[in-house]
Amino acid sequence: MTLSLSALNAATPAQFTELLAGTYEHSPWIAERAAAARPFQSLAQLKHGLAQVVREASREEQLQLIRAHPELAGKAMVAQALTAESSDEQGRAGLTHCTPEEFARLQQLNADYSAHFGWPFILAVRGPRGLGLSRSQIIEAFARRLQDSPEQELGECLRQIHRIAEIRLNDKFGVSPDLGNLVWDWAEALAQHSDPGYQEQGELTVTYLTPAHQACAAQLREWMLKDCGFDEVSIDAVGNVVGRFEGHSDKAPSLLTGSHYDTVRHAGKYDGRLGVLVPMACVRELSLAGQRLPFAIEVVAFAEEEGQRYKATFLGSSALTGSFDPAWLDEMDEQGIAMREAMRSAGLPGEMAAIQALARDPAHYLGFVEVHIEQGPVLQALDLPLGIVTSINGSVRYLGEVIGQAAHAGTTPMGQRQDAAAAVAELLLYVEQRAAEQDSTGAVTVGTVGQLQVPQGSINVIPGRCQFSLDLRASSNAARDALDGDVRAELARICQRRGLRWSLTPTMAAKAAPSDARWQARWEAAVASLGLPLHQLPSGAGHDAMKLHDLMTQAMLFVRGGNSGISHNPLESISNDDADLSVRAFQALLNHLAEELSS
């Protein structure tokens, strides 16, 4: 029998618990406590309500929940003593048909894991798409997570349990996240294109205007035209794929949206690309329904954002804002190919006149919105699928050097040293402490010393020079500048006290891009319409939205990432359910905007 929210909301507490039996393994107390939060207006709200109960439970209760789960391919499976739900899930993953070698490996991993953590390994074996992980994927995840700390692994086990519960609830309610499946499958198909040297290793790397990059552009163009029903799709002079879905009239204003389809090296499948595929799915639904809005939708798959092939970033969005630097055309890649030459080889003009013609007139646009994977752990830690971005952090970067005096490590007294590396180590700790302080305005600051080098260093020589990098970011320009000033002043004090010289060479400065208040409110209304709580957070990473911010109002929506929110990494992950919610939030945004403009 298919379950319904109306039946759950109308049930007695005991009936409510019984209807949700089997959702969480041998743990009816979760449903019992969640019953008090009724009524639930959506399945997403029910899922979050159940997860919230676990978040608020005691650590011992959380451990009991984890220990209620069976080992993968363990004794309970062999003895056919699993619950019906667990038996189905382990069977779908092929764990009932392990080779002797795979079974032995799993048994050893179970033993090692239990000895290390004291509870069974938990993994949603039906995976992020709901179809089932392969045995090799399960064994790989098992081995990788054995390296986690107990605190990390406790949190990951609970998140995997919530994913198991989510899939079981989908089954109970007869719900399939079809739009999320569409986006997920598109991302998988797009990830089949990768640069030479990476594709052979099964890794994803797509850099500007390589054959893989051009194949991605062609694939996006084909999907937009044939699958989604865009009225017009083109590849412009910098390689952006631009799809337009017209409004009621060809004079209607446009909503601009999109993200980038190039990647870093050894990339994940969703950074950037999610922000192209989600609005594509929305246009597809509008086209299938024969529906037009009071505004046009312009989806741009930006050709370049990551700066991997050339020493220039945001090439795609810079062309739209009119800030494409002509000097970039003469930049050389590692093979000595100029950008201009690469463009012409890809069938693009390679001329500034054609690039300058791409600049958009902000008067023709309602604003810019971007959907993006979070690239961080915040939403996953809060068991939230979506978050609203308040600002894209401003940043400054430096390459620095401290110069002291190299001397014998054994014969120079500690009080008479001019140790350059010790000074930088002191600065590093100051950056960590200062960036963690609460800003009086509520702005978020972060600071990183990502590179440290002692040129010609030796084990028995006091470092006479130390080179380092400095990356300082904040959600407002004032907070960024205050952090920058404090760090530079501290470096001067440290070096004066130690008798050292220092230099800082600026390599990059970017302004913060706060979200437009009205657009942020629209995203909040869209997320609230799904029954989800609102969570606002800044973006620590840069996005195309920060370039469009120079031209028009903008705001972003973040989607939870799996594997502790890791990004720029093959482990980058989203679930089909979260992808589905992001599409539905975008649809709600479009509908709310249409109502605004029609009233």
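These legends describe close-up views of a predicted model.

**View 1. The largest nonpolar core.** This core has 85 residues. Those with the most contacts inside it are Leu220, Met280, Phe324, Met343 and Trp523. Helix H22, residues 576-598, gives the most to this core, with ten residues.

**View 2. The surroundings of Leu220.** Leu220 is among the residues with the most contacts inside the largest nonpolar core. Neighbours within four places in sequence are left aside here. Beyond them, Leu220 is in contact with Leu190, Val241, Tyr261, Val276, Leu277, Met280 and Ala301. Of these partners, Met280 is also listed among the residues with the most contacts inside the core.

**View 3. The cavity.** The count comes to one cavity of 30 Å³ or more. The largest cavity has a volume of about 140 Å³. It is lined by 15 residues, and Leu72, Glu89, Gln90, Leu123 and Ile164 are the closest to its centre. Helix H7 (84-92) and helix H10 (150-173) each supply at least two lining residues. By class, the lining has nine nonpolar, three polar and three charged residues.

**View 4. The second largest pocket.** The volume of this pocket is about 1500 Å³. Its lining holds 50 residues. Closest to the centre are Phe314, Arg397, Arg473, Met508 and Gly542. Strands S7 (394-403), S9 (445-448), S12 (465-474), S13 (501-510) and S15 (536-539) give two or more residues each to the lining, as does helix H21 (544-548). The largest share, four residues, comes from S13. The lining divides into 20 nonpolar, 19 polar and eleven charged residues.

Terms used:
Residues numbered from 1 in each chain as written. Predicted model: local features only at pLDDT ≥ 70, side-chain atom pairs only at ≥ 80, totals over all residues. Heavy atoms only, no water. Core = buried A, V, L, I, M, F, W, Y, C linked by side-chain atoms within 4.5 Å. Buried < 20%, exposed > 50% of the residue type's maximum accessible area, 1.4 Å probe, protein only. Contact = heavy atoms within 4.5 Å. 1 Å grid on protein atoms, 1.4 Å probe; cavity = no way out; pocket = protein on both sides within 12 Å on 5 of 7 lines; lining within 4 Å. Points joined across faces, edges and corners; volume = space filled by probe spheres on them. Nonpolar A, V, L, I, M, F, W, Y, C, P; charged D, E, K, R; others polar.
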